[in-house]
Amino acid sequence: MEYALALLVLAALVAVVVARPLMRRGDEERLESGRIQELSAAKEAKYREIRDAELDHQMGKLSREDWRSVDRDLRGEAIVILRELDRLEGRQPDGVEGPA
Amino acid sequence: MAGVGSACLAIALLTALYAVAASIRGARTGRREWVTSGRRAMYCMAGLCVGAFVILEAAFLRSDFSYRLVAEGSSTDTPTFYKVTAVWATQDGSLLLWATLLSLFATAVLFLTRRSLRDIAPWATAVLGVVAAFFLCLMLGWENPFDTLAVAPQEGAGLNPLLRHPAMMIHPPMLYTGYVGFSIPFAFAIGALITRHTGADWIRATRRFALIAWTFLGAGIMLGALWSYTELGWGGYWAWDPVENASLMPWLVGTAFLHSIMVQEKRGMLKVWNASLICATFVLALLGTFLVRSGILDSIHAFGASTIGVQMLVFIACVIALSAGLIVARLPDLRSEAKLDSLLSREAFFLLNNLVLVGLCLVIMWGTFFPLISEALTGTEASVGPPWFDRLTTPLAIVLVLLTGIGPVLAWRRVTPRSMLRILRAPVTATGFAVVALLAFTDAAKSLPSLLMFSFVAFVLVVVAQEFWRGTRARRVMTGESWPRALARLTGRNRRRYGGFLAHAGIAVLFLGVAASSAFIQQRDVRLSPGDTVKVGDYKVTYERATAKLGGDSGGTGAPISLGAVMRVQRGGESYILRPSRNYYSTTDPSKGVISRFFDGEATSEVDVRWGLRRDFWLAVRPDLVSLEKPIARADRRFADSPGQVQAVVIQALTELYRQDPPPAAFRAIVSPLVTWIWIGGAIAVLGALVAAWPSPEARLRRVRSLYAARLGRELSRA
């Protein structure tokens, strides 16, 4: 009896919680592409890479020539990511929101 | 309340299955409401599991013996502290702990990623739901912690005395947290593979969970070693026991994963390797859970034979098959985005360190499963012992420590040989001095592996110190800050990097303790009568007198009888007293007499240790009860029907008899050099991991919009 009652009560509680999003059809939202998140992750990683290279240079691990070469490559790669991010987000390079 | 507990588990299972179905539907149709509903179902499942766990804990705390589990694993005289831990000392309770921790971890990660990883997260939810549903099925089908007895006994069997140790209180939850924690990156890796989003975003979202899992698993392993050292009475901390190995294997592969994901984040390389590593880590975590429960390998830590071994094996086989199939199917999406620029680069050394870590894991796996392999091939079960493990793992461990030192000094992408030599000059010079000092002032030369290990540990420590010093100096040049401020800011703004260095230092220190205590341990097993003296290394040990206590043992474990010894230990001008003892717990075996059942139950060593930074002096005693056998047998016959109070007086008289005229007792004395550094090193490694796991300010940077180059410069200058 205790088991059956608990089953009913708990099942009802869970049903209320999980069914709520399904009731709000007006808020329906399509899944967005993961491309923006992926690019944001890549951007952060690239920034960290650039900072690491700079710190490595300042600590003497990278010669000035090596650092400049690595830094130039990394910044080039970062710019490609930023361009792609802006394109997906409909934004101009100078930060002005682009047309929808 | 047992019915409510069972109902919680049943609804949790249905909720987990619903979460799987809703998440997959949401992911396939793109309808967000189903994804949200599936995620909410996982939150509900966590609530239900926590509810079930609380109900079970309450049953243990109030000694409700109508629960089969409480009757089997606790008793009224079990101290409250250990009643709490008794839940996970049982098979069923530990499964509930597993499921509860998994549901909490899943809730945390799904909440944190609710607005990101929108393609991957629903699939990860489904994977986590499947894992949770499997463990809930195990409980509901075979090992229900809420099973009740038709007639509740007056008294329970009590907690296994070996588990009555503070380290045991938190060792299993820590291991499970580690095992469960690795299910998070595993689930997101599977989600990334399914959706073909094989970039670094799933790694960024789950890296901290992997690091937390690694930290907890490592801390759990350390606590297990500490328990072994101070409770099991053999004097060691690691015996290459199958269950110990089972916890070490996922930790090793998890360590490799934590290093190689950095290469994927920074260079877009090693994607197949990383997916394989996290799948392997999760499989090994399941294997560790299986080994403890299946009873297929003999271990002091195992629960013994159980009914869920086959089910776990089938589940592990399914996880391996599906993970491997998915990785193979997604090989075109897992191509590296860059090539290795140079063998003199951090990523190259990370790869090398990965190979050593995986090699170590394979060696340990072979040795652990050798009894099963030999039985399958020859029909005879043969096992490899600690010397086999030591012989094969020692060289790999030495190489690993060396790589721990070299990796951090290298830059990403490439470093010129000249730069490398310049950076390594100071550590190599310092290591040279350390070797000379070791040869001149210690016995390190007697053991070449130890000498190599000590040298490489010195190398790692100097490298780490140099990294902190150079980094702080560079920051001072840039900012003009004071040394302490520059050091704090440097570490705070590069937590992952400098936390990692701390962890490296901790692991090196840990290996220092392992090498010294393994190679230079001095041990003596002797029988002594009161007044006898024995020499152990430089120590003089005198058995002054026997002790006997009824209740109130020094460890607070609730042992009814504790017999021991007062030992004077002298070394040079130093003199102190150690009090090792042996606890005797009563048995419920009806074939035993009313008095003998207090002496013939489980017994545990309560060792006494003089801890020291240079060496520990470890002492255990095993009293000889032969002289008490006849009086106990007589008392069994004479006081069989006497009231409990009379029996207590008789037991007190018997222990007093032992105290006044003890026969020679067996002692084990061990001088273990630098063993304390194992625990210190472990603590430093945990601290480093926590520093690395702490969110960095960089994650909170606000976006800046401007022309790309200027924008880059501005955004970067914020660090």
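I am working from a predicted model.

**Entry 1: α6 and α8 of chain B**

I looked up helix α6 (residues 120-141) and helix α8 (residues 183-195) of chain B, whose axes come within 8 Å and cross at roughly 130°. That angle makes α6(B) oblique to α8(B). I noted the crossing as right-handed. On the α6(B) side, the contact includes B:Trp123, B:Val127 and B:Val131. On the α8(B) side, B:Phe188, B:Ile190 and B:Ile194 are among the residues that make the contact. I sorted the residues of this contact by class and found 12 nonpolar, three polar and no charged.

**Entry 2: α7 and α9 of chain B**

Next I took helix α7 (residues 166-181) of chain B with α9(B); their axes come within 7 Å and cross at roughly 150°. Angles over 145 degrees count as roughly antiparallel, so α7(B) and α9(B) are roughly antiparallel to each other. The crossing is left-handed. From α7(B), residues including B:Met168, B:His171 and B:Met174 meet residues of α9(B), among them B:Phe209, B:Phe216 and B:Trp227. The class count for this contact is 15 nonpolar, six polar and no charged residues.

**Entry 3: chain B against chain A**

I then turned to the two chains: 55 residues of chain B are in contact with 47 residues of chain A. Helices of chain B that each supply at least two residues to this side include α1 (2-29), α9 (201-231) and α16 (448-479). α1(B) gives the most, with nine residues. Which classes make up the side of chain B that touches chain A? I found 24 nonpolar, 14 polar and 17 charged residues there.

Note on methods:
Residues numbered from 1 in each chain as written. Chains lettered and ligands numbered in written order. Predicted model: local features only at pLDDT ≥ 70, side-chain atom pairs only at ≥ 80, totals over all residues. Axes fitted to C-alpha atoms, helices over the stretch in contact; angles between N-to-C directions. Helix = DSSP H or I, 4+ residues; strand = E, 2+ residues; numbered from the N terminus. Parallel < 35°, antiparallel > 145°, perpendicular 65-115°, else oblique. Left-handed = near helix turned anticlockwise from the far one by under 90°. Contact = placed C-beta atoms within 7 Å. Nonpolar A, V, L, I, M, F, W, Y, C, P; charged D, E, K, R; others polar.
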